[in-house]
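Hi,

Here is the structure I promised to pass on to you. Have a look at it first, and then read on for what I found in it.

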Amino acid sequence: MSRLGTITRRGFLIAAAAIAGGVAVGYYYVRAPYPNPLEDDLDSGEATFNPYVKITADNAVTVIAPRAEMGQGVSTTLAALVAEELGVGLDDISVEHGPASYAYYNSAMLAEGGPFPLFDEGMIAQTMRGAMGAAGKVLGLQATGGSSSVRDGFERMRRAGAAARHMLTAAAANALGVSANELTIRGKSILHEVSGRSVTFGAVAAAAAEIDPPSQITLKEPGEWRLLGKPQPRVDMAAKVTGAPIFGIDVHLPEMLYGTVRMSPRFGARPIETDLSRAEAMPGVVAIVPIDTTYGHGFGVIAENTWAAFQAAAAIEVEWGPADYPADDAAIEAAFKQALASGAGDILRDDGDVDAAFADAPAERVIEADYAVPFLAHACMEPMNATARLSGGVLELWSPNQVPTLTRQLCADLAGVEIESVNVHTTHLGGGFGRRGEMGFSMYATLLARHADGRPVKVTWTREEDVAHDVYRPAARGRFRARLGEDGLPVALDMRIASPSIMASVLKRTFPSISPVGPDKSIVEGSFDQPYSIADYRVGAVETPLGIPVGFWRSVGNSYNGFFHECFLDEIATAAKLDPLAMRRTLMGEHPAALKVLDRLAEISNWSAPVPAGRAKGMAFTLSFGSWVAEAVEIAETGQGIRIDKVWIVADVGRALDPAIIEAQLVSGAVFGLSSAMNQEITFADGMTEQSNFHDFDAMRINQCPQFEIAILENYHRMGGVGEIATPPAVPALANAVFALTGKRVRRLPLSNAVEFV
Amino acid sequence: MRLTVNGNAVDIDADPDMPLLWALRDLAGIMGPKFGCGIAACGACTVLVDGMPTRSCSIPVGYVDGAVTTIEGLADGNTLDAVQQAWIDEQVPQCGYCQSGQIMSAYALLEENPEPADDDIDQAMAGNLCRCGTYPRIRAAIKRAAAVKSRAGA
């Protein structure tokens, strides 16, 4: 595609880094499998076939779903991939997360990391995807993120199930003295139908594990699937309706101590003056220890129970050092203003000649607008926590985390042990949304464990610490202009977006010796990679360092670029007196998947029907994480404020492996976006976060929750992600509905600063 | 001091100012009630005290003089309460962290009002925050549980 020639040279440095990390070390390394981590920890009589399957002699089948279960249902769908090919049902198996291991690398997460839109399937884009995916393998990055888990596991885990079935069947054929092709799988047994004889998986598991895995595997055709493509009962339901202790915060060990942290509320600042005497004298306090890490400076409290730890942490008298970054909202605004004035930034999309298009544009045909979004907290329901025990040179770590291999590496360094002496137990996560793709909470627990004489310490943050020390969704600013043609359609679109780099912030606190390479595409993802055809189309990313820690927040850059891009398109439609859905239809004419999404949305939302007075609809579209999603929102003026009545979501995910889980994720993603759009913001004063708990950083409540109507499509030829895709278009769809209802074009989130919601 | 939790006497040695939540979790090892906010703003810690839904993070254990019911006390042996079963039937939980509190609030609602209207549900459940956005399925599950309980009682 011609666009490739105009991608900045710096963009290719990302590929160079990936290749240096991956392909350059050689074909062998990329092809060679990692050792099976299950072999290190088998029970007596237990056999393992590959990193995903183990079977005991008494026929208990365990499937490893090595991605964090944070509500997205991934443990169920990943287990179904294995079970489908193994030939068993989900109630025949138990599902575990498994150990931290390079064998559970995620290559799909990195594959889309290059500066290419999804629909660019040219040679360079595809080569980059291959190289980046290989880097994911070579780096051994076991990570849950980027809505990538099912895409990553789709081939690999079905193959694991098929290989195990083949080996079990071969062993059964030996045991029964018959040919393997006369055998069928029934429950967890292998049946010779002709003779009526059968053996259980468990009876032949040990022998089967000695058989070489097949070199050729033929996977089932989708038409033969019994589990995939159909709603499955989730494997985690029973635990979650009985209050079972499955979360990190529920870890309960013999001799366990309890702890918490009190970290500098100014990021990176150190204590200047400290008086621990009152805190140390409080009942139940065992020790108070300094914490100095790349994640922050402060104190850890070890106590006999969590409440005592909280009380003592609050009693620490400390004066913190000053902020060495823009310390309040005014200073942050000034930094953004300067950034936007500094130039076009890194150009991630540059179709046609934008400067020429605006040079001779008549003023009445030009629209300009500035947009703004605030920092946001993740506010997972389960506050950050981890439990660590350092005893006999071995670090045991129980951590609700999204990055087990990185957690193992950084915590090994802190504990002064080799990574082979670290066991990471990844628990269920009480919400993740990207927040738990961090190592800070695990590192703090590790540090406290060094002062606990070999006893385990569960370190729980207060909600106040959690809000004050998030890695926030970055604030961003956008400056946009469009030139409209004779027919009102945009002929030129120029977008300049300023935001801190998430990658730079992540590297600073995880691997500070590594410098980020190339532009951070997350600054403009959701704007530069959308499937609209506009002759002169430029999107620039202006990296704006602000010193405040930022991180991955459900849908990352798409979370605000969706708002920017789709509200500005709505402004164009209004100026041109075009229907916003019909206008998008025209602009996306080259992409049949997009058109089908829009057409279905128009149909189920009855888009073209007039809306009664006091009510209005808005819509938006975002292509993110490989999926094409359009949403419409209907709102009503109640007299006391605006109520969100109904939301329609149409998502083309390419292939829908579990429609019920996907539906839940679409609702979930939209609620997450609507929560932020309505009333969430993190602000700063004196270098510190001003919000502290759910009273001033709330989210949608059940009485605010609209009705949902969902349509899941499978038209696009590649499978897309699910967990994040409904968040980006929800925000602009609501803002566009607010405009339609009130005539107020709100360009700065949250909307509650301009209109009231009930 | 002695608490009655899920019908059992539980002796604990606690500072009377310690919130009930931490007495249950850290001292009694009852993990169903979850810590979310510490200020009665999210409902994850909801338990029943003499049948009344109570935010256990914000009531000092020394003040508790009624029978405490946590999510662990809802099922009858291996038989789930109708509310829990409805939660499974509607596949409500996602991350699941808030669901102990949601279920306790829903259980208390149905004890008080066996046929709640939509507004009743909204009002009773607005104190229980869910960041995964499971609210539509919570509504459906409460209605399902109400129907089941009404059939069982009829």
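**Domains of chain A**

Chain A is split into three parts: domain 1 (33–106 + 141–240), domain 2 (251–323 + 384–460) and domain 3 (329–376 + 472–753). These domain bounds come from an automatic or database domain assignment.

Before the details, two notes on conventions. Residues are numbered from 1 along each chain as its sequence is written, while chains are lettered from A and ligands numbered from 1 in the order in which they are written. The model is predicted, so local features need pLDDT of at least 70 and side-chain atom pairs count only at pLDDT 80 or more, whereas totals for chains, interfaces and linings use all residues.

The centres of domain 1 and domain 3 of chain A, taken over C-alpha atoms, are 40 Å apart. Even so, 15 residues of domain 1 of chain A are in contact with 17 residues of domain 3 of chain A (in contact means that the C-beta atoms of two residues, placed from the backbone, lie within 7 Å). On the domain 1 side, α3 (74–86) and α6 (149–176) of chain A each supply at least two residues, and α6(A) gives the most, with three. Helices here are DSSP runs of H or I with at least four residues, strands are runs of E with at least two, and both are numbered from the N terminus. That side of domain 1 divides into four nonpolar, 10 polar and one charged residue. For these classes, Ala, Val, Leu, Ile, Met, Phe, Trp, Tyr, Cys and Pro count as nonpolar, Asp, Glu, Lys and Arg as charged, and the others, Gly among them, as polar.

**Chain A as a whole**

Chain A has 21 helices and 27 strands, and its C-alpha trace spans about 85 × 75 × 55 Å along its principal axes. The radius of gyration of chain A is 27 Å, which agrees with the value near 27 Å for a compact globule of 758 residues (taken over C-alpha atoms; the globule rule is 2.2 Å times the number of residues to the power 0.38). Of the 758 residues of chain A, 58% count as buried. A residue is buried if 20 or more other C-beta atoms lie within 10 Å of its own, exposed if 12 or fewer, and partly exposed in between, with C-beta atoms placed from the backbone. Among contacts in chain A between residues at least 6 apart in sequence, 78% join residues at least 24 apart.

**Where chain B meets chain A**

Across the two chains, 45 residues of chain B are in contact with 49 residues of chain A. On the chain B side, α1, α2, α3, α4 (118–125) and α5 each supply at least two residues. This side of chain B comprises 28 nonpolar, 12 polar and five charged residues.

Helix α2 (residues 82–89) of chain B has B:A82, B:V83, B:Q84, B:A86 and B:W87 buried. Those buried residues pack against α8 (237–241) of chain A, together with α3 (99–112) and α5 (135–153) of chain B.

**Backbone details to check**

Most residues other than glycine have a negative phi, and most peptide bonds are trans. A:N606, in the loop between α19 (592–604) and β22 (615–624) of chain A, has a positive phi of about 50°. A:L749 and A:P750 are joined by a cis peptide bond, with omega about 0°.

Best wishes
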